[in-house]
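Hi,

Here is the model I promised to pass on.

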Amino acid sequence: EAEAPLAAAAQWTAECYEGEAPAAVLERLKGHSAEGAQKAAELLESRSPLSVAVTLTALRLAAGDTLAGVLERDLRMATGMLSSGDFAEGVRAVLIDRTNDAAWRHGSIAEVPEDEVKAVLAGERLDQQG
């Protein structure tokens, strides 16, 4: 029998997604020879660096949390992301103008400060200027 697609990707996903640092995850994906890793890196680089960093951290936190805890954090996270400017910029670039030329708050995942990730997860308002 053929191996299931997710089972075939288990090794490279475990290798690439280990650790806490979003920039390190991206670098491991970019440096891995698996086609799936390369595609994942391209996809992550096309998204808001802040949202990628926040999402990775939220996923790590969710692993040891209750459903109620995850849902509460997700609500706070959504509130924080709305104030970051990246949500509105993504809507403009993808849905309204359809140019896919979003000018994100940060130029790369490596540039996202940890204090902003924590603020978004706490539902705090971020300065729109970045």
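A quick convention before anything else: helices (H or I, at least four residues) and strands (E, at least two) are DSSP runs, numbered from the N terminus. This is a predicted model, so local features need pLDDT of at least 70 and side-chain atom pairs count only at pLDDT 80 or more, while totals for chains, interfaces and linings use all residues. Residues are numbered from 1 along each chain as its sequence is written, and side-chain values use heavy atoms, with hydrogens and water left out.

**The overall picture**

Along the principal axes, the C-alpha atoms fill a box of roughly 50 × 40 × 25 Å. Of the 130 residues, 34% are buried; buried means under 20% relative accessible area, exposed over 50%, and partly exposed in between (1.4 Å probe, protein chains only). The chain exposes about 8,100 Å², with carbon and sulfur atoms supplying 57% of that. Those areas come from the Shrake-Rupley method with a 1.4 Å probe, and for residues only the protein chains shown count as cover.

For contacts I used heavy atoms within 4.5 Å. Among contacts between residues at least 6 apart in sequence, 52% join residues at least 24 apart.

**Salt bridges**

On charge, there are 12 positive and 22 negative side chains, and the centres of the two sets lie 4 Å apart. Lys and Arg count as positive and Asp and Glu as negative, with His and the chain ends not counted; the place of a charge is NZ of Lys, CZ of Arg, CG of Asp or CD of Glu. Side chains of opposite charge can pair when their charged atoms come close. My rule for a salt bridge is a side-chain nitrogen of Lys or Arg within 4 Å of a carboxyl oxygen of Asp or Glu, and by this rule the count comes to eight.

- E89 and R92 pair at 2.7 Å, N to O. Both sit in helix α6 (residues 86-96), and because they are three residues apart there, about one helical turn separates them. E89 is buried at 16% relative accessibility, whereas R92 is partly exposed at 24%.
- R105 and E116 have their closest N and O atoms 2.9 Å apart. R105 lies in the loop between α6 and α7 (114-121) and E116 in helix α7, so this pair ties together parts that are 11 residues apart in sequence. Both ends are buried: R105 has a relative accessible area of 15%, and E116 has 10%.
- E45 and K30 meet at 3.1 Å, N to O. This pair links distant parts of the chain, with E45 in helix α3 (residues 35-45) and K30 in helix α2 (residues 22-31), 15 residues apart. E45 is partly exposed at 45%, and K30 is partly exposed at 36%.

E89 and R92 also belong to a network of salt bridges that links them with D97 and D101.

**Cores**

Which residues have the most contacts inside the largest nonpolar core? They are W12, C16, L29 and A37, in a core of 13 residues. The elements giving two or more residues to this core are α1 (5-16), α2, α3 and α4 (49-62). By nonpolar core I mean a set of buried Ala, Val, Leu, Ile, Met, Phe, Trp, Tyr and Cys residues joined through side-chain atoms within 4.5 Å. Leaving aside neighbours within four places in sequence, A37 is in contact with W12, C16, L29 and H32. Apart from this core lies another, of 12 residues, including A53, M77, A119 and V120.

G80 in helix α5 (residues 67-84) is buried, with a relative accessible area of 0%. Beyond its neighbours within four places in sequence, G80 is in contact with V120, G123 and E124.

R98 is exposed at 64%, and N100 is exposed at 61%.

Cheers
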